[in-house]
Amino acid sequence: MDAKTKYKAKKIKAVFFDIDDTLRTKDTGYMPESIKKVFKQLKEKGIITGIASGRARYGVPKEVQDLNADYCVKLNGAYVKDKDKNIIFQRPIPANLVKAFKAWADEIGIYYGLAGRHEAVLSYRNDVISDAIDIVYSNLDVNPDFDKNHDVYQMWTFEDTLEDLDLPEYLSEHLRLVRWHDHSFDVVLKDVSKALGVSKLVEYLNLKPENILFFGDGPNDLEMFDYVGLKVAMGNAVPELKEKADFVTKTVEEDGILYALEELGLVEKELHFPQLDLENHGGPVATIKTNQGDLMVKLFPDQAPKTVANFIALAKDGYYDGVIFHRIIPDFMIQGGDPTGTGMGGESIYGERFEDEFSEELYNLRGALSMANAGPNTNGSQFFIVQNKNFPYSAKELKRGGWPEAIADAYVTGGTPHLDRRHTVFGQLADEASFDVLDNIAAVETGAQDRPIQDVLIETIEVQD
């Protein structure tokens with residue numbers, strides 16, 4: 001995410017969401033648990049939450065209603081209300097236009113639907129219509145005369161030809177078609193869109209468009225993307241929306257909304273610290289077999305994918321077989337991985353030095369496996385294991401310095417926090433026997449340049465993916 005987008009996020013005072021394939025997947029009804037967290041955190045920060053959808057209230061799934069958004073822009077912007085059901089804005093389609101549209105639909109032989117404030121109806125029902133509408137509004141009655149007694153805010157066409165429709169000029173002067181399904185268009189007033197509904201709300205709240213962030217995925221979100229200050233397209237969005245987006249996030253199933261808001265700094269990142277929960281970590285395991293005993297290490301490919309891939313490939317190729325730990329400093333670390341044994345050699349599988357992979361979820365705790373380097377982005381084959389258990393700081397000092405609370409507390413048993421964001425952590429010793437071996441290696445006699453008097457040898461490294 002670029003600096004310009006992050007700067008825009010600092011102006012955000014309200015976040016609006018489309019529903020279908022944004023908050024939830026339309027076809028399966030799946031809504032990530034992370035959405036509840038998003039709404040809770042936004043509200044705690046005083047950021048207004050809103051829904052901006054083509055759906056009417058009676059078509060909003062219960063799990064979305066339960067999010068209790070502050071404001072709802074419904075029926076593609078024709079109806080806006082707050083969470084207490086106070087109407088902020090409404091614009092029904094004039095009765096003469098509804099009548100003219102129905103007559104045109106009957107004339108060309110297509111069916112239609114009519115959506116009011118409290119219910120919607122169909123002019124007819126068949127399999128094509130049911131396939132399109134039931135996933136949004138189930139069990140709609142057939143009542144083509146609905147408009148005689150009710151205001152209509154939105155209409156639909158239903159066709160089975162998969163061809164585009166063109167409204168006649170006398171209708172297109174006032175109405176427009178927005179494709180939302182292979183067999184159906186929304187029919188709305190020409191000047192009505194979700195962007196209009198949100199603009200009325202922005203006026204009501206005395207905000208500016210630059211204060212609005214919107215998440216969307218489909219063609220009926222294009223006007224919103226032209227209006228708001230910050231726009232995020234879902235990973236499953238249509239191409240034309242992605243082109244307009246400030247940021248393209250992940251899909252619904254990949255927690256795309258949470259991911260984007262974390263990256264924008266509008267919600268706190270949900271961090272997991274695998275070093276503190278090794279029993280439940282299912283990543284690959286490397287056993288570093290030495291002449292002093294075995295060091296079993298759990299690796300973290302999710303947080304440091306390139307580093308882990310490098311280590312595993314070198315290990316499987318026998319690159320580390322017979323290599324010594326050339327630098328050992330008690331109450332600090334043991335370092336190896338250089339075939340020359342000098343601390344000056346070693347190559348990565350990439351044929352060159354590669355970049356650091358610093359993760360907010362990994363730290364140089366006692367037992368951490370980290371990359372040795374000669375400065376930023378100079379990783380090769382060398383690594384070290386943190387051995388220090390005489391911690392010189394207090395947890396309070398680390399917390400004040402910005403370390404996560406759980407990590408600060410874990411550091412009390414040992415580690416080297418001054419190496420965080422300087423060396424890539426990519427593994428952690430996994431059992432007490434390995435710590436005993438680590439401490440025994442750290443206690444060997446050393447000479448000049450902290451080199452052991454007697455070689456501490458890596459016999460081989462076995463990897464279980």
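**Notebook: salt bridges and a hairpin**

I began with Asp134, which is partly exposed at a relative accessible area of 30% (buried means under 20%, exposed over 50%, partly exposed in between, with a 1.4 Å probe and protein chains only). I was working on a predicted model, where local features need pLDDT of at least 70, side-chain atom pairs count only at pLDDT 80 or more, and totals for chains, interfaces and linings use all residues. Residues are numbered from 1 along each chain as its sequence is written, and side-chain values use heavy atoms, leaving out hydrogens and water.

Next I looked up the partner of Asp134: its side chain meets that of Arg125 in a salt bridge, 3.1 Å from N to O (a side-chain nitrogen of Lys or Arg within 4 Å of a carboxyl oxygen of Asp or Glu). Arg125 counts as partly exposed, because its relative accessibility is 28%.

How many salt bridges does the structure hold? I found 26. One of them joins Glu44 to Lys40, with the closest N and O atoms 2.5 Å apart. Both residues lie in helix α2 (residues 34-44), 4 residues apart, about one turn of the helix (helices are DSSP runs of H or I, at least four residues; strands are runs of E, at least two; numbering starts from the N terminus). Glu44 and Lys40 are both exposed.

Then I turned to strands β4 (residues 79-82) and β5 (residues 87-90), which pair in the antiparallel sense over 3 bridges (pairing needs at least two bridges found by DSSP). Lys81 stands opposite Ile87 in β5. Their hairpin has 4 residues between the strands, and Lys85 takes a positive phi near 70° there.
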